[in-house]
Amino acid sequence: SITAGDFYITIDCVFANDDPGDAQLITCGEIVNGSNVGATQSAIGSPICAGGSQNDILYKIDDVGGVDYTVTVNGINYDGVLAAYTGSCSGTLTQLDCSDVGIGNNLVETINFSVGFNQTVYIQTYDWFSSGGEFVLSVSCANVPYDEPCEARNLTCGESFSGSSAG
């Protein structure tokens, strides 16, 4: 027989991109709708320009040397912090840029960076307040190589080349 009674359901959510080793890949021209509600602090900690909750979400860009990257984040209920780092996800990270323009929702945070050679750049964002919120993160690029016919790369028979037309 079945009897009536009180019960509780608990759902624990683990963010797939809540740690540098699991950062979500993003590319030039991409716009990502995200949330850090329920996120926890990664091992990165606070960027130089801000403190706050540090309940962060992480993305990564496979950076092409010489390309100028601009990353922005904002949200209606999101007091964003945005930072970029190079280095190894299992080692030391070096901060490239950071933005926290002030306290308030829907402020646009913008970072700009360019590196001299191909490497992974980690993007950290979080809501300064511990409650978290929804955000829109976008990546735009300038000085993309091989963007003009006269800059085309020569390929020889049997050679392979991979790239992206995003941006």
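Helices (H or I, at least four residues) and strands (E, at least two) are taken as DSSP runs and numbered from the N terminus. The structure is a predicted model, in which local features need a pLDDT of at least 70 and side-chain atom pairs count only at pLDDT 80 or more, whereas totals for chains, interfaces and linings use all residues. Residues are numbered from 1 along each chain as its sequence is written, and side-chain values use heavy atoms, with hydrogens and water left out.

S99 belongs to strand β6, which spans residues 93–99. With a relative accessible area of 7%, S99 is buried, where buried denotes under 20% relative accessible area, exposed over 50% and partly exposed the range in between (1.4 Å probe, protein chains only). The side chain of S99 forms a polar contact of 2.6 Å with that of E109, and a polar atom of the S99 side chain lies 3.5 Å from the backbone nitrogen of T110. A polar contact is a pair of N or O atoms within 3.5 Å; within protein, one must be able to donate a hydrogen and the other to accept it, and residues adjacent in sequence count only if both atoms are side-chain atoms. Leaving aside residues up to four places away in sequence, S99 touches C49, G80, V81, L82, E109, T110 and I111, contact meaning heavy atoms within 4.5 Å.

Positive phi values were also computed at non-glycine positions. Q54, in the loop between β2 (31–35) and β3 (57–63), has a phi of about 60° and is buried at a relative accessible area of 15%. N106, located in the loop between β6 and β7 (109–113), has a phi near 65° and is partly exposed, at 42% relative accessibility.
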